[in-house]
Amino acid sequence: MISTLRSLFPYLIRYRWRFAAGFAALVAKSVLTVGIPIAIKLSIDELDADFELAVLGQWVGLLLAIALIKGVFQYWMRWILIGISRDIEYDLRKDFFASLLSFSQRFYHSYRTGDLMSRATSDMEAVRLLVGPGIMYTADFALIFLGVLAVMSLTDWRLTCWIFIPIPVISFTVSFYGKRIHDCFQRVQECMGEMSSTVQEQLSNIRIVRAFAKQKIGRERFSAQNDQVVAENVKLIRLWGRFYPLLEVLIGLTYVIVMWLGGRRVLDGSMTLGSFAMFMSYMTVLTWPLIGFGWVVNLVQRGTASLARLDEILKQRPEIYGPGELDDEFTAVRGDLAFEHVTYAYPGSTDPAVSDINLVIPAGQTVAILGPTGSGKTTLANLVARLYDPREGRVLIDGGDVRELPLRSLRHALGFVPQDTFLFGRSIRDNIAFGALGSEEWEIAEAAEIAQIAAEVDSFPDRYETVLGERGVNLSGGQRQRVSIARALRANPRILVLDDAASSVDAETEGQILRNLESVMRNRTTLLITHRVSAARLADRIIVLESGRIVEEGLHGDLLAARGRYWDLSRKQQLEEELEIV
Amino acid sequence: MSDPAVPRRSTGEGKTVPKKSARIADTRLIARLVVYLSPYRPAVAVSIVLLIIHSLLGVAGPYLTKVAVDRYLAAGTATSLLDAWLPLEPRAGLDFLAVLYIATLLIGFAARYFQTYVMHYTGQRVMRDLRLDVFNHLQTMETRFFDRNQVGRLVTRVTSDVDALNEMFTSGVVAVFGDVLTLVAVFVAMLYLSPELTLGIAALTPPILVVVFVFRQHARAAYRAVRQAVATTNTFLQEHISGMKIVQLFAHERESLKEFDEISAAHRDAHRQAIRAHAVFYPVIEWLGVLGTGILLFYGGYLVSEGALTVGVVVAFLQYGTRVFRPIQDLSEKYNILQSAMASCERIFGLLDTKPQEEAVGEPDVLSGDAAEQPVSSPLGVGAGVAAGVPLRVEFRNVWFAYKDEDWVLRDVSFTIEPGETLAVVGRTGAGKTTLINLLLRFYRHSKGEILVAGKSIREWPEDELRRQFGVVLQEPYLFSGSIEDNIRMHDRTVSSEAVREVAREVNLAPFIESLSNGYQTKLNEQGSSLSWGQRQLVSFARALAHRPRLLILDEATSSVDTQTEILIRDAIPRLMKGHTSIVIAHRLSTIKHADRILVMHRGEVRELGTHEELLRQGGVYAKLYQLQYQEQETRHWQPGEEGQTAAETASDVGENVIPEQSSRETGDGEKTKPS
């Protein structure tokens, strides 16, 4: 636990002066909290005797003054210490996101989005609770407890001993029930989980359930689980129902002890009525720390566990990085692209996705890559962008290994249209300018024009300011893909990678886009991954991949004449077109 | 209950639910909730009585303290309610009072325990009833309802929304009631002891309420900002984690980090507002408490000096004071719980009010018609074979269908399947093949024409009765959590273990299952991730057979399957079809070849109908489809004997050369040539 907590130190150290101030306020607040009953004692003692109202007024004034000053410190304590916890949360969150930004795709294969999100949200909050309320209340409770103990012992140590008999029992009760209630609650959650997955299952599989006329069985299962939820909840209620009343009894018991034994002392004359009232008052002061203690212990435990989960991410180092990442300047890239005996297998797979690929693409050339699903086309594209690094061989840009190029420069030189279109939930303008911030209006419009999306964008009331996604306009798959193409073009890349970039666009529009691209592609290296022969024929060279290897290579006419796979594909696509017409 | 003329709100789509949050005192909602409480009236009554007892006992402790002080500790001669029983000797008196105090504590404990138990237990029962109602109601909705509504949302209705109500029952309503009772009891006790002093304390109530009110205003504004900030942060994170590839590909990391920094800072600052509100609120409210003590001491002292009050009363009031302020603060917190519960309540009842749009004809009442489901399934005897059901005749007569308006998905479709015949349906994606099955299963109602099963229109069949005639394999091999055996029998106890084993053998699934250490009892999770896609298909085959269908409906999956399983599946399908009237949406050449006739769907119409050879000779749509999708399967999945011969035959039929060995990929199913 301590070793886990150690990773918090760098964050805590950053705020050491504010921590010091916060703790100073905390100490003052706790001391004054303990002081209030003393003022009450003095007042009551005054009451007991033949008294003067003015003197009583002094004591009451003292009481109110102490409470007022206490309140001021209490404010500072909370404001500073809880405030720090939000600052540390902010730091942690930023570091977390910075780590995420640096991790390669491989990381995102092993961690699901939901998992990362829960670390960034619930675990982050648990750590925040540990750093803020966790630390604050621990210190506060400890000080109040010790202060009360000290004052009471000094007043009457024997009575104090008696009072402290139920107190360990209270703490024990809290931790005993706390754990059991937690476990029981866990079981309730499990049962709820099961029930809710049955509902989920019955509803999402509704067709098969109905097709087999098995609704009744689904109802029975649900009903049984529903009853189980009730049964587990009732167990929880039994614990719960005992726990709080028991606390009440135990805390009440401390009052009884004060009244009973303290009363005897008052009768003896060994204790004043004021001290009696003070003891009563201390019982009230102690109530919250006693109950809250169990809660704080829980908080610290959960926070530690969550911290470990955050640490797991924060401690990882990026797998893929280049030299000079901090440079602001980009290294210029001409655009010669080459694969040299490149082999790559995805993590956990023994079969290489691509093997021994050799390919030289001089700057400015367009190469089309065709091949069936799973033949390694996308892998080639990903290797160029260093989303992965080859297991064997090298990818060369301008004759040098891509791994020697700063990552930012490499990607700055690339325009990438991935197979799975991803757009951000912001304006179309921001999406298109994603790789080229500060783009001019006309530049964005130009990119949109080439990608054949400009006309549609102009038809939206907000044009380029149209916000995409849940809260905005939902574009069709084809439209999204064209925005994605515009985004890659706006990056003004030396190397353009189109990975099945027009799969959701009809052949006619694709043709139009490609014709528009011709001028753009003329002086850029282009990797055109497609499944349409009509698109591939526009390239300077065509490559056919199969099972991760290059099986055919050449010009459109030559490949057709060879009557190989390319020819076969071409023939099939003709047939498809014919079927469309039937 | 609901007026059919009033357009109903579709509850599944959250957008149509009015944004205005439910009012706390929505009497109609409360009235409907009370209906759920009414079976548990005695429990509710007991609970209320116990709550009252508990509140009264809470008042007793300070009173006993007062008596102790006045009678024995301070030199007074005050009278009290207990005088008749109190011993004269001070020590004995203290003992007596201590015992009495302990007794009130213990009775209070018992009252509180039973009260909590009874109330929560009742709450749980009510929630159970409500969940059951919602679930059963969902079961009556037409199949299309589940296309329109996200399942996740519907699950929320059954779980979280009901839970929010539970929260209201147990923490909300009861706690409010308890708080109010305590407040009343304490005030009555205080008034009894000293009306003047009570008035002094009561004077603090307005400032406390003002402070609480002001705090709530600020806190609400702060929390609104916090919620917004949290939502923004989470959306940003979620989006950037999902789109990390794009961020990296476009070298956008620095900018993203900067944006996140801004969002995070806003998040932190929003929290600052909330922290400030709390940091001010607690000291102020606590100071007001101490002010109350001050008033008590000073004003009380004055009254004591006037001889109008005893010291004991002042001491007792010190304790009462803390019991007054807490409930006043709590009451305002409960408001939120009530509010969210009312919102949940509205959603739940909204869903319950959504009536199915297509009323089932002759369907047994979901809640009471269980008996009607019993007759057909008698356990499959050992060796009875799978062809036990008498084959059916199916006819589509001029069937038209549109999901909406005149957007016809099927146009004038007519065909028959004779008893024992296998009909393969082929066509491109979107040709209307799956729709045929959806209509036959009555997931959707056809718009025009007639579908006859065993000579009777399916509109006249009770839904469950009709479906029990069928053995269905849908394209996606749905699995349920539970064992493999449960999945095959679909938790239906009337399907015997022997029957399960027999059909598993029949569909080539048995060797695999028996290789598992737990065999048929191996647990599957809902996604079935422990099984491969192909194995899941085999499970669906077994499932279809286990229920002894009279008509087999098979929608062949197009997904790729490993070679080993592919062989098993290809071998199993003809065996499935044998002896059954079958309608198969086919993607495998081998399946098509085993069919008696082939129905070619194209753009919602029946284009061609005949045997494989006939259709090839016609040179129409089928011939093209064949070249496009099926032909290469022949060369890839070479099987000795029968298959090989037909392959050669057909090749010469079309007058094409056998194309070169195509691909080493395991399956094609036309996926590769089809634009995805």
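User: How many strands form the open sheet of chain B, and in what order?
Analyst: This is a predicted model, in which local features need pLDDT of at least 70, side-chain atom pairs count only at pLDDT 80 or more, and totals for chains, interfaces and linings use all residues. Residues are numbered from 1 along each chain as its sequence is written, while chains are lettered from A and ligands numbered from 1 in the order in which they are written. The open sheet of chain B is formed by 6 strands in the order 6-9-10-3-11-12, with mixed pairing. Strands (E, at least two residues) and helices (H or I, at least four) are DSSP runs numbered from the N terminus, and two strands pair if DSSP finds at least two bridges between them.

User: Which strands stand at the edges?
Analyst: Strand 6 (470-473) and strand 12 (605-610) of chain B do; each has a single partner strand, so one side of each lacks a neighbour in the sheet. On average, neighbouring strands of this sheet are turned by 15° against each other, direction ignored. Angles run from 0 to 180 degrees between N-to-C directions, with axes fitted as lines to C-alpha atoms, for helices over the stretch in contact.

User: How do strand 3 and strand 10 of chain B run, parallel or antiparallel?
Analyst: Strand 3 (residues 422-426) and strand 10 (residues 581-585) of chain B run parallel and are joined by 4 bridges. B:Val425 has B:Ile585 of strand 10 as its bridge partner.

User: Which strand of chain B does helix 16 run at about 175° to?
Analyst: That is strand 6 of chain B; helix 16 (residues 533-546) packs on the sheet and touches strand 6 and strand 9 of chain B. Two residues are in contact if their C-beta atoms, placed from the backbone, lie within 7 Å.

User: And which strands does helix 11 of chain B lie across?
Analyst: Helix 11 of chain B lies across strand 3, strand 9 (551-555), strand 10 and strand 11 (597-602), and runs at about 145° to strand 9 of chain B.

User: How many residues of that helix 11 are buried?
Analyst: In helix 11 (residues 433-440) of chain B, 7 of the 8 residues are buried, including B:Lys433 and B:Asn438. A residue is buried if 20 or more other C-beta atoms, placed from the backbone, lie within 10 Å of its own, exposed if 12 or fewer, and partly exposed in between. Just after this helix of chain B, B:Arg442 takes a positive phi of about 60°.

User: Changing topic: how many residues of chain B are in contact with chain A?
Analyst: There are 125 in chain B, in contact with 118 residues of chain A. Helix 9 (residues 253-305) of chain B supplies the largest share of that side, 31 residues. The side of chain B that touches chain A comprises 64 nonpolar residues (Ala, Val, Leu, Ile, Met, Phe, Trp, Tyr, Cys and Pro), 35 polar (the others, Gly among them) and 26 charged (Asp, Glu, Lys and Arg).

User: What ipTM does the predictor give the complex?
Analyst: The ipTM is 0.83 and the pTM is 0.71.

User: What pLDDT does chain B average?
Analyst: Chain B averages 74, and 79% of the residues score at least 70; pLDDT is the predictor's confidence in each residue, from 0 to 100. Over residues 636-676 of chain B the pLDDT is below 50.

User: What order does the open sheet of chain A have?
Analyst: The 4 strands have the order 2-1-4-5 in chain A, with antiparallel pairing.
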